Amino acid sequence: MMVDPYYRHVGRPEIRVDARDKVTGRALYVHDLELPGMLYARVLHSPHAHAEIVSIDKSAAEALPGVKAVLTGQELPYLLGLYMIDKPILARRKVRYQGESVAAVAAVDERTAEKALSLIRVEYRPLPAVLSVDEALEARVLVHEDINELDYVKGVFFPGPDSNIASWNRTIKGDLRKGFAAADLVVENELTLPQVAHVPLETHVAIAQADPYTDRVTIWTSTQSPFAVRNLVARAFGVSRRDITVMVPYVGGGFGGKAGIHLEPLAMVLSRACKGRPVKVQATREEEFNQLPVRAGMRGRVKTGVTKDGKITAMEIYFDWDGGAYADYGVNVGRAATYSGAGPYEIPNIELHSRTLYTNKVYSTAYRGFGHLETHWIVERQMDLVAQRLGMDPYEFRMKNILRDGSITISGERINAWSGRVDHCLEAVAREIGWTGYRSEAERQAAFQTGKARGKGIACLHKAPAMPTNTATAAIMQLDEEGNVRVLLGAVDMGQGVYTIMGQVAAEILDMPLEKVKVICESNTDANPYDWQTVASKYAFMGGNAVIRCAEDLLRQLKEVASRALHCPVEELTHGEEKIYHIQHRDKALTYRQLALGYAFGNGNAIGGPIIAHGHYIAEGLTNLDADGQGLPALDWTYGAHGVEIEIDVETGEIRVLKMASAFDVGKALNRKLCEGQIIGGAVQGLGSALVEGYKFTPDGRLLNPSFTDNKIPTAKDIPDQIVPILVENPQVDGPFGARGLGEHPMISVPSVVANAVYDALGINFYELPLSPERVALAIARHSDPANAGCNDPSNASAGRDNPDASGRHAASPRGETA
């Protein structure tokens with residue numbers, strides 16, 4: 001593994017500081033916590049996707065020995081929400097998805113709580129349900145009849161009056177009509193993908209203990225966002241933030257699903273109802289699938305105009321998000337699509353509409369990639385489909401349109417030399433997999449005879465942190481008597497290695513051994529400095545800069561004390577090897593340990609005092625998007641590309657990934673081992689979306705696969721035979737040591753690159769995820785049936801049989817395309 005000889009710590013493949021505690025079981029999670037007098041909560045869920053609550057009889061449950069509280073929505077006049085304030089703690093008057101929480105019990109143990117649930121009687125009156133994006137747009141049934149009265153962040157989100165549109169955001173650049181008029185070819189397609197679960201190893205869990213005499217409450221929770229939880233709880237209950245303490249021990253995975261606020265308000269109101277006894281609310285795996293938020297489903301309709309030589313002249317896109325019953329993070333996912341949803345390409349004329357829609361399904365939230373896997377499924381498939389129609393190598397087509405120095409993004413931002421190089425990433429993966437263009441039909445037919453068809457594919461990606469323009473973070477450091485450094489952050493480590501990496505950054509600036517830097521592996525909003533949220537792949541960039549500034553502040557304080565002790569100007573002092581010393585006379589020095597708590601002269605006089613430093617960083621230079629989606633929303637861009645080689649069993653339809661190369665321009669790898677770990681983990685997670693994952697519903701909106709029995713995720717057997725992580729390093733000038741974020745990016749465009757490889761192998765294009773063995777096998781059967789020659793049936797397998805064009809290449813299916 002390569003290391004940078006210029007740096008002592010940065011770039012080194014250090015092992016995670018929390019690794020040993022986690023693998024030996026010493027790390028404590030909220031699931032492990034037991035407090036004196038703690039009660040246990042269970043939740044009753046709606047069996048209907050949409051129904052009026054006629055009555056709830058909880059008297060028998062309340063009379064059960066051991067039950068301390070039974071709550072329904074009627075006792076809880078609170079609404080929750082990040083951007084749209086639309087979600088009750090427990091359903092009130094009606095339920096909006098099957099699995100929604102209707103009542104909750106707190107009891108002395110879980111068995112008693114479960115027994116109490118069985119005694120609650122709820123009478124429902126079923127209502128017509130909104131179960132597709134088309135039904136949502138028709139608005140014959142409204143998921144929220146009060147949508148016109150809901151509070152929301154105005155000027156950023158745009159709900160439709162008397163509709164199911166939670167927000168309609170858009171981007172307009174150039175002149176779309178003129179752009180299509182200049183095109184020699186126009187290609188239209190529609191692609192879809194389903195809702196998907198986050199599946200963290202640790203399910204959602206929260207403990208709350210409310211003071212029965214004041215507004216004070218302490219919350220222990222498995223969250224990515226301790227300060228956001230504090231803020232949202234305070235806003236929902238109308239209490240001061242000073243009265244809310246949020247504590248986060250180790251977190252067993254999040255993937256975006258633990259951003260924002262979820263079980264914490266329910267635990268809090270139950271504790272209040274139980275006169276201040278702590279109450280634990282812990283989701284089962286089935287509740288994780290069916291009650292708690294998911295990644296949105298989405299339909300994308302895309303129309304692209306190109307010249308004969310492959311230059312994009314115009315693009316029109318409609319992203320319709322199946323956002324479920326409540327807005328949560330979903331509306332912001334939709335908003336992010338408006339400035340990044342066309343991929344890393346320069347498009348002179350574009351109109352992009354992103355509509356986040358209410359439906360009667362489990363609601364959506366942030367998910368690793370924040371909508372970019374979804375939008376890149378549409379765009380990166382479209383890039384291949386257009387290339388097929390042009391008879392052009394998709395590598396060449398991408399290179400003709402890729403963002404470069406001087407390019408203008410769809411939101412009007414100018415890309416420069418230090419923004420990163422997506423072309424370098426695409427070159428790297430194409431070289432690694434030996435890309436030479438699509439296979440010929442003769443090669444495909446020969447492969448079919450062996451029973452195993454092989455294909456290769458490529459795809460690009462980009463993502464910037466999706467966050468408010470005033471997003472900020474801070475760090476605190478203090479020296480102890482031995483000269484060790486303790487670092488306090490507001491970030492949460494869900495497995496990405498933030499504590500390790502920030503320790504490396506601090507040790508690098510302070511020029512001291514890494515083992516003498518201790519980053520505190522817990523978060524407490526009463527003690528830790530503020531961080532907006534641990535989301536958006538922003539912490540390496542923002543947290544790294546805050547830690548650098550904090551370390552520099554610590555050095556400044558050390559030098560100020562040393563200058564008085566050594567009787568020389570601060571400007572003549574420097575540091576290294578845990579010492580402050582004179583730049584010319586190096587024997588004139590004091591150690592960090594000697595200065596940590598102040599310095600005493602020989603006569604006993606003392607100067608200085610305990611060294612405590614702070615540093616902060618706020619996103620600078622960002623602007624809100626205007627009504628046409630123009631502005632500067634991106635703190636930094638991380639570009640990447642994937643290349644894969646796959647093998648398909650033509651009898652079973654099973655796809656085996658032989659090799660996956662993934663390249664990302666990270667600017668500077670702060671820890672190469674952790675970067676490569678993120679790439680491998682993200683690639684495998686992306687393969688889940690590509691091959692097996694997806695929610696299935698009955699016609700009346702009931703989730704059919706709320707467990708691992710029918711809702712599969714990749715296992716060790718599904719890992720590609722070879723994964724090649726490639727780190728491209730074109731430094732970001734304002735990043736810490738040139739670094740950019742990487743956490744979310746590895747799973748973006750994974751479904752697209754697999755589907756592109758499937759076309760190369762079979763000559764069949766797919767427009768719907770997942771690419772399950774059944775879907776692929778059915779498409780192969782139709783493709784091989786002489787009766788289907790020359791036609792395309794987009795139903796069932798959502799794949800089309802392609803016909804060779806004049807060049808002998810296979811063109812895209814005629815599904816919705818016009819020339």
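What distance separates the centres of domain 1 and domain 3, taken over C-alpha atoms? The centres lie 42 Å apart.

The model is predicted, and local features need pLDDT of at least 70, side-chain atom pairs count only at pLDDT 80 or more, and totals for chains, interfaces and linings use all residues. Residues are numbered from 1 along each chain as its sequence is written, and side-chain values use heavy atoms, with hydrogens and water left out.

View A. Domain 1 covers 19-26 + 471-618 and domain 3 covers 297-407 + 418-466 + 625-812, with bounds from an automatic or database domain assignment. In the contact (heavy atoms within 4.5 Å), 21 residues come from domain 1 and 22 residues from domain 3. About 1600 Å² is buried between these domains, 65% of it from carbon and sulfur atoms; buried area is the accessible area (1.4 Å probe) that two parts lose on being put together, summed over both.

**View C. Sheet S25-S26-S27.** Three strands form an open, antiparallel sheet in this order, where pairing requires at least two DSSP bridges between two strands. Strands S25 (573-576) and S27 (589-591) are the edges, each pairing on one side only. Three bridges join S26 (residues 579-582) to S27, and Tyr 581 stands opposite Ala 589 in S27.

Note on methods:
Helices (H or I, at least four residues) and strands (E, at least two) are DSSP runs, numbered from the N terminus.
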